[in-house]
Structure formats: structure tokens, C-alpha cells
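Here are my notes on this model, point by point. Please read them with the structure open.

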Amino acid sequence: MTIVHLRRARTSLVLDARGPGLPRVVHWGADLGPLPDGDLPALVDATVPPVVPSSFDAPTVLSLLPEASAGWSGRPGLAGHRDGRDWSTAFRLTGLDVHDDLAPPPPDLLGGDPSHAPGVKKGPFLTSGRVVVRAADPGAGLGLTVEITLDAAGVLTLRHRLRNDGDGRYELRELTPVLPVPSVATELLDLTGRWCRERAPQRHPLPMGAWVREGRHGRTGHDATLLLVAGTAGFGFRHGEVWAVHTAWSGDHVTAAERRPTGEATLGGGELLAPGEVVLGPGEEYATPLLYAAHSADGLDGLSAALHTHLRARPSHPRTPRPVTLNVWEAVYFDHDLDRLRALADAAAEVGVERFVLDDGWFRGRRHDQAGLGDWWVDGAVWPDGLQPLIDHVRGHGMQFGLWVEPEMVNPDSGLFRAHPDWVLQAPGRLPPPWRHQQVLDLAHPDAYAHLLGRLDAVLSEHDGIAYLKWDHNRDLTEAGHAGRPGVHAQTLAVYRLLDELRARHPDVEIESCSSGGARVDLEILRRTDRVWASDCNDALERLSIQRWTGLLLPPELIGTHIGPERSHTTHRVHDLGFRAVTALFGHHGIEWDITAIDAAERAELAAWVALHKRLRPLLHTGRVVRADHPDPAVQAHGVVAHDRSHAVYAVSRVATSVAQVPGAVRLPGLDPARRYLVRPPAGVPEPARLELSPPGWLAWPGDGITVSGSVLGSVGLQLPALHPEQALLLEATAA
């Protein structure tokens with residue numbers, strides 16, 4: 001039919017749709033520029049794979065959906081059958097639509113090329129837009145629609161829709177969108193982890209064969225890879241060419257990289273389906289999760305810039321300042337007492353908190369974590385006058401009030417479970433093994449769904465002033481059966497419906513995605529929530545890494561970052577307030593600490609840090625995230641730079657001792673090389689006298705800071721004091 005070239009934000013996508021089969025992705029990556037008309041056919045012809053000896057008589061074509069009928073012998077794009085038949089497909093193109101209906105890109109991503117403006121057409125391609133590919137295999141009784149969008153930030157999204165056009169039922173086993181990556185991508189980076197140690201990076205060569213990451217937790221998982229990245233050898237935050245994908249799905253999922261001996265390499269991802277989980281009747285359709293994909297010629301920071309810009313452009317993205325939040329969990333746990341909580345709210349207001357969240361323990365029978373889940377009524381034994389007196393007290397200080405819930409779970413020791421044991425996800429004849437003394441409600445059960453929606457709606461409707469829900473999810477889904485069949489797919493869709501309906505009824509209530517901390521962090525749950533809780537671990541040293549790698553996908557304003565107590569609840573490691581505060585500064589800021597128990601001096605210091613966050617919040621929650629590639633693994637540096645590059649703030653942290661007595665100079669990336677910047681510690685930050693810096697004093701610079709060019713800061717850097725381990729410096733750069 002045609003060749004399509006989409007361009008946006010220094011990214012190009014070229015599709016060859018001239019043949020009878022599904023289109024081939026000729027190129028996804030660096031912007032190819034406004035190619036002359038004749039160059040596109042030449043590009044397509046120049047990239048057709050050769051016919052190799054002892055192989056097929058025609059070139060093997062890797063299309064938008066890899067098929068064995070086209071000679072593909074790698075991981076299948078589609079797997080399924082109809083009573084053992086129609087197990088292989090040969091789709092033929094029936095239509096292709098190209099739409100150029102996207103918003104213009106942000107000015108900082110234009111790159112100075114006017115051909116990136118929306119609606120500008122040059123030759124046989126469009127500068128941006130959406131492609132819809134339609135195909136059919138009449139013999140197999142299947143129809144396929146592929147939806148591709150290249151948006152104003154340069155982020156590509158890909159989705160397949162499979163329709164059963166046959167007479168019988170079709171069992172789907174796998175439908176996975178993939179994209180090619182070039183041979184220069186020789187290394188892989190992904191993330192793994194566990195509870196309180198989420199987002200641990202791992203990297204290795206991209207070998208022959210497949211690197212497959214499967215999530216079988218029924219939720220995204222603590223070990224989920226937010227991004228699977230392929231790149232040139234040695235790529236880092238500020239250098240190297242990289243390609244990445246993210247599977248936007250909150251249930252079982254797969255993300256995979258594959259390199260074939262025939263030369264092709266791919267990245268892809270989709271839903272991980274259990275046997276019999278999706279069976280399409282005649283006329284029924286299945287849609288894959290969205291596969292997000294991004295390319296950068298400037299290392300991992302370039303990926304983050306594109307993805308953060310994409311997320312910030314969403315209509316649902318938070319537009320108001322992110323309120324400084326105090327969550328009471330590590331202050332009171334289950335010990336709910338109105339006077340104590342009022343005193344905590346008074347202290348919170350004194351230090352500048354803007355949102356006060358009552359955590360677990362407010363509902364019936366909930367004096368510990370072994371009972372009560374499912375009984376979403378205020379416990380009159382603990383709250384004889386209900387929650388409204390506390391809500392009114394909190395709001396009287398000008399703060400918002402928030403409430404913890406864990407709606408998808410139920411304790412066997414609860415009124416709900418005793419009345420409806422059949423409302424639990426389970427295999428026939430047995431319950432799944434208990435996890436934290438709880439099971440999972442089957443939200444695909446219409447009665448269970450209606451009950452839960454009704455109770456949540458009632459809690460919000462019956463109280464004046466609940467502005468926020470901390471929505472938790474504290475166990476994996478194991479043996480998650482619905483009506484005798486695997487139930488994770490239906491459960492995930494039901495959770496989305498529940499969130500959508502609740503938000504439609506209460507549009508002013510914000511929701512946090514918390515799942516044992518960071519076990520449900522993905523872009524599909526974030527279409528329905530306003531932030532994520534990155535980890536249950538508030539240890540500042542652990543949080544540095546957790547937040548650094550969560551930020552690979554998410555901008556700071558979507559990541560909850562709280563100052564915990566001096567001794568960490570989860571690791572028992574001790575940190576001073578300065579280190580904890582600098583670490584928590586770069587996100588949706590908050591406190592998780594009994595601040596009624598600290599002295600006046602420490603409370604004043606905490607208030608100063610909160611005030612600093614509020615002053616820097618407009619920058620932190622809109623600017624471009626940057627991370628330095630420092631050669632010393634004991635030194636970690638990151639920051640946020642305004643898009644006009646007039647203002648920036650950086651944190652330099654020492655995470656361990658170094659072999660070198662004095663680490664090398666620290667570069668401050670992202671600034672305008674041609675401008676001069678005044679660099680100094682932010683005003684109002686307490687001087688960290690306990691750091692015992694060498695040389696003595698705050699810095700070896702003049703008291704009013706140092707003024708130097710952006711080129712020097714980005715290419716040479718600054719020699720900073722040798723910090724003790726688990727200490728941090730905060731620096732602010734302002735264009736002179």
C-alpha cells in the first residue's frame with residue numbers, strides 16, 4: 001500500500017506497508033530528518049534482509065506481529081487455537097489509516113526543526129500521528145487491528161486487537177507487540193527487587209536467545225522491570241543510544257528482549273495469560289495492554305525526559321501543587337486515639353504539612369493486621385463519634401484529610417468473609433495459601449464488586465472532607481481462580497472499573513497506588529491514580545536507589561518520598577535529618593514519623609526543610625530530571641533543571657566509603673553551556689555541622705557561592721568536600 005514515516009521529538013518510525021502481509025517496522029529510533037521523496041523507498045529496499053544459505057527461499061520478514069508463516073522462528077507474536085485448529089496465522093493487510101491529529105510538541109523537544117510542527121507534510125510521510133493497521137486471516141477466522149501512536153514527546157505506544165471472526169471459540173494464549181532494535185544495541189538493563197528493595201538495576205549483554213521477564217504475582221510486582229532497555233555498549237544516564245519498552249498492565253505480564261542468529265533483535269511485552277483465561281466467542285475481541293516505547297540518543301536521561309513529558313501532558317496528570325503529606329502509620333500504627341492524633345495534626349501543621357493521612361486501623365475489628373479487612377465501616381469502639389471530629393480538626397489547620405484503604409483484600413477473620421466465603425479468588429475446593437492473614441476478593445463476581453463499590457462510595461459520601469485515599473494491596477494473587485478458571489485477567493480489569501467508577505462519583509478525591517509499597521507501579525494503574533508509593537522502606541540510603549530507578553519511568557511529582565524517623569522502621573539504620581530530608585526532597589514530599597516526640601530544635605529544622613521543598617516544588621515537579629555518571633560508585637548525583645535552564649537544584653550523596661580519599665569532581669548536567677550560574681547551598685537549609693567536612697566548613701568557596709559557566713559545570717564539574725558515608729549536599733544553581 002504505502003510507506004509511512006512518523007516523526008516527533010527527534011524520533012522516527014518507518015513502516016513498510018507495500019506488501020500483502022502485515023507492515024514491517026523498517027526503523028524505530030533516531031530522527032531521520034525530512035527525507036526527500038525518493039529516500040524512503042531506498043531506505044526500505046536497503047534494509048530488506050538477505051536470503052541466507054540453507055534457509056528460506058525468500059527473506060524472513062519481521063512484521064508488527066511475528067508469524068511463523070513469514071519465516072519467524074523466535075518468540076511468537078500470537079499463540080492460540082480453536083480446538084487444536086487455526087494455531088498458525090498468515091494475516092493479510094486490509095487497510096491502513098494515518099491520522100495527524102496530535103498536539104504540538106513542547107518547545108524544548110522541537111530541536112529547532114520546523115518540520116516537526118504538527119500537520120506539516122513532506123513527501124509520502126507525516127510528521128506525527130497515529131497509524132491504524134487492519135488485517136485479516138479468513139482461513140483462521142481472525143481479524144487483527146494494530147494501533148500505533150507517536151506522540152509529541154517522542155513516546156511510541158503500540159496495541160494489538162484480535163477479533164474472533166470464526167464460528168467456534170478461540171482460546172488465546174499470547175498476543176505480544178514487539179519492536180525491532182538495531183544490532184548496535186548490545187547491552188540490556190532492567191530492574192528487579194523485593195519488598196523494601198524495589199527497583200534494583202541489573203545489566204548484561206544482549207546475547208543470542210531471549211531474555212524474558214515474567215511477572216506472575218497477579219499485580220505488577222516488587223520485581224517488575226519498569227523499563228526493559230537495550231543500548232549501545234556502556235550506555236549510561238548521559239551517554240549512549242538506548243531503546244526501551246514498558247508493559248502497561250497491573251496483572252500478570254511479560255516483557256522480553258530477543259536476538260536471533262538470523263540477525264533480528266526485538267523488544268516487546270504484553271499480558272501473561274494462564275491456560276483458558278481468555279477464550280473469545282464469535283465476534284469477541286481481546287486488546288493487549290499498551291506497550292510504551294521510547295528511544296534516546298542521549299542515554300537514560302533522554303528516555304526519562306521523553307516519558308516524563310508524555311506523562312505530564314496527560315489530561316489526568318495532577319495540575320495543582322502536590323501537598324506535603326504526613327502519613328501516621330509509623331507514628332501510631334494501630335494505636336488510634338483521637339487526642340494523640342489531634343496532637344500529631346497540630347505538630348504537622350506547625351512544620352508546614354498540607355495533607356494528613358489516617359492509616360490502617362480505623363475500621364471494624366482492626367486492632368492488628370490479622371482481622372477486619374473487608375468490613376469497611378468506622379469502628380465505633382475506637383471512634384465513638386466517628387472520623388468526623390478528626391477530619392474537622394485536620395481541616396481546621398487548613399490541611400487536607402486522607403484515609404488508608406485496602407479494598408481488594410479480605411481477612412478470614414471478618415464479617416464479610418464469614419458471610420461470603422465464595423467471594424474470594426480461589427481454585428475449586430481450596431483457598432490459596434494465606435499471605436499476611438488475608439485473601440483476595442473476587443471483583444469479577446458481580447455481588448462482590450457491587451458491595452465493595454457501595455462501601456467505598458459510602459465512606460467517601462458519609463464524611464465531609466476526605467480528599468485522598470491511600471489504596472493498598474498487600475499480597476500476591478496465587479491460585480487466583482474465578483468461576484473455576486484463572487481469574488487474574490478479569491480481576492485486573494475489574495480493579496480498573498472500580499477505580500474508574502469511584503473517581504467518576506468522587507472526582508475531587510485523589511488516590512495513591514500503594515501495594516506493599518512499590519508492587520503496583522505501572523502506567524495503566526497510573527491512568528487512575530495520582531501517585532505511587534515507591535517502597536515501604538523509608539531508609540534514606542535504600543530510598544536513594546529506589547527513587548533513582550523509579551524515576552527512570554516516572555517524574556518526581558508521581559513518586560511519594562517521605563522523611564522517616566531517625567532509626568528506620570524496616571532496616572533499623574540510623575540517619576541524621578539532613579540526609580533523610582535531601583533524599584525525600586525530590587518527589588511528592590512528605591513525612592512518616594511521630595513528630596510529636598521530637599524536640600523544638602529538630603522540629604524547626606524539619607520545618608525549614610519542608611519550606612525549602614515548597615519553594616523548590618514548582619521546579620522539582622515540572623523540570624527535567626538529570627543524573628550524573630560519576631566514576632566513583634560511592635558518589636551519587638542527581639538533580640532537576642528548569643526547561644529554560646535558568647534554575648536547577650542538585651543533590652550529591654555519599655552512599656559508601658571510597659577507595660580514593662577525595663572523589664573526583666562532580667559534574668552538574670543539563671545546564672546551558674553558554675550561560676553563567678551562581679552555585680551555592682540553598683538559603684534556609686540548616687548548616688550540616690555534623691558532616692565533619694574536609695576541608696573544614698561548608699565549602700571551600702566564598703560564602704556567597706561560586707559563579708561559573710554551564711559548560712564548566714557540565715564538562716568539568718566541581719570538586720566538592722569529601723563527605724562521610726550516608727551524608728548529602730544540596731546545591732542550587734541560578735543563571736547569573
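1. Ground rules. Two strands pair if DSSP finds at least two bridges between them. Helices (H or I, at least four residues) and strands (E, at least two) are DSSP runs, numbered from the N terminus. The model is predicted: local features need pLDDT of at least 70, side-chain atom pairs count only at pLDDT 80 or more, and totals for chains, interfaces and linings use all residues. Residues are numbered from 1 along each chain as its sequence is written, and side-chain values use heavy atoms, with hydrogens and water left out.

2. Strand 10 and its partners. Strand 10 and strand 21 (residues 285-287) run antiparallel and share 3 bridges. Strand 22 (residues 290-296) is also antiparallel to strand 10, again through 3 bridges. There, Thr157 stands opposite Tyr292. With strand 9 (residues 142-150), strand 10 makes 9 antiparallel bridges. Gly143 has Arg163 as its bridge partner in strand 10.

3. The hairpin. Strand 9 and strand 10 form a hairpin with 5 residues between them. Gly154, in the turn, has a positive phi of about 85°.

4. Val679 is opposite Ala733 of strand 40.

5. Contact here means heavy atoms within 4.5 Å.

6. Strand 4 and strand 11 (residues 170-175) are joined by 4 antiparallel bridges, with Ala79 opposite Glu174.

7. Nonpolar cores. A nonpolar core is a set of buried Ala, Val, Leu, Ile, Met, Phe, Trp, Tyr and Cys residues joined through side-chain atoms within 4.5 Å. The largest has 123 residues. Phe356, Leu358, Trp362, Ile595 and Leu606 have the most contacts inside it. Beyond its neighbours within four places in sequence, Ile595 contacts residues including Leu326, Leu344, Val351 and Leu606. Another core, of 47 residues, lies apart, with Val25, Leu142, Leu172 and Leu179 among its members.

8. Arg528. Where does Arg528 lie? It is in the loop between strand 31 (510-513) and strand 32 (531-533). Arg528 has a relative accessible area of 10%, so it is buried. Its side chain makes a polar contact of 2.9 Å with that of Glu524. A polar contact is a pair of N or O atoms within 3.5 Å; within protein, one must be able to donate a hydrogen and the other to accept it, and residues adjacent in sequence count only if both atoms are side-chain atoms. Not counting residues up to four places away in sequence, Arg528 touches Tyr496, Leu499, Asp500 and Arg503.

9. Aromatic pairs. The whole structure holds 8 aromatic pairs. The rings of Trp329 and Tyr333 have centres 5.0 Å apart and planes at 80°, so they are edge-to-face. Rings of Phe, Tyr and Trp (its six-membered ring) pair if their centres lie within 6.5 Å; planes under 30 degrees apart count as stacked, over 60 as edge-to-face and the rest as tilted. Trp329 is partly exposed at 23% relative accessible area, and Tyr333 is partly exposed at 30%. Phe363 and Trp376 form a tilted pair, 4.4 Å centre to centre with 45° between the planes. Both Phe363 and Trp376 are buried. Ring pairs link Trp362, Phe363, Trp376 and Trp404 into a cluster.

Conventions. Buried means under 20% relative accessible area, exposed over 50%, partly exposed in between (1.4 Å probe, protein chains only).
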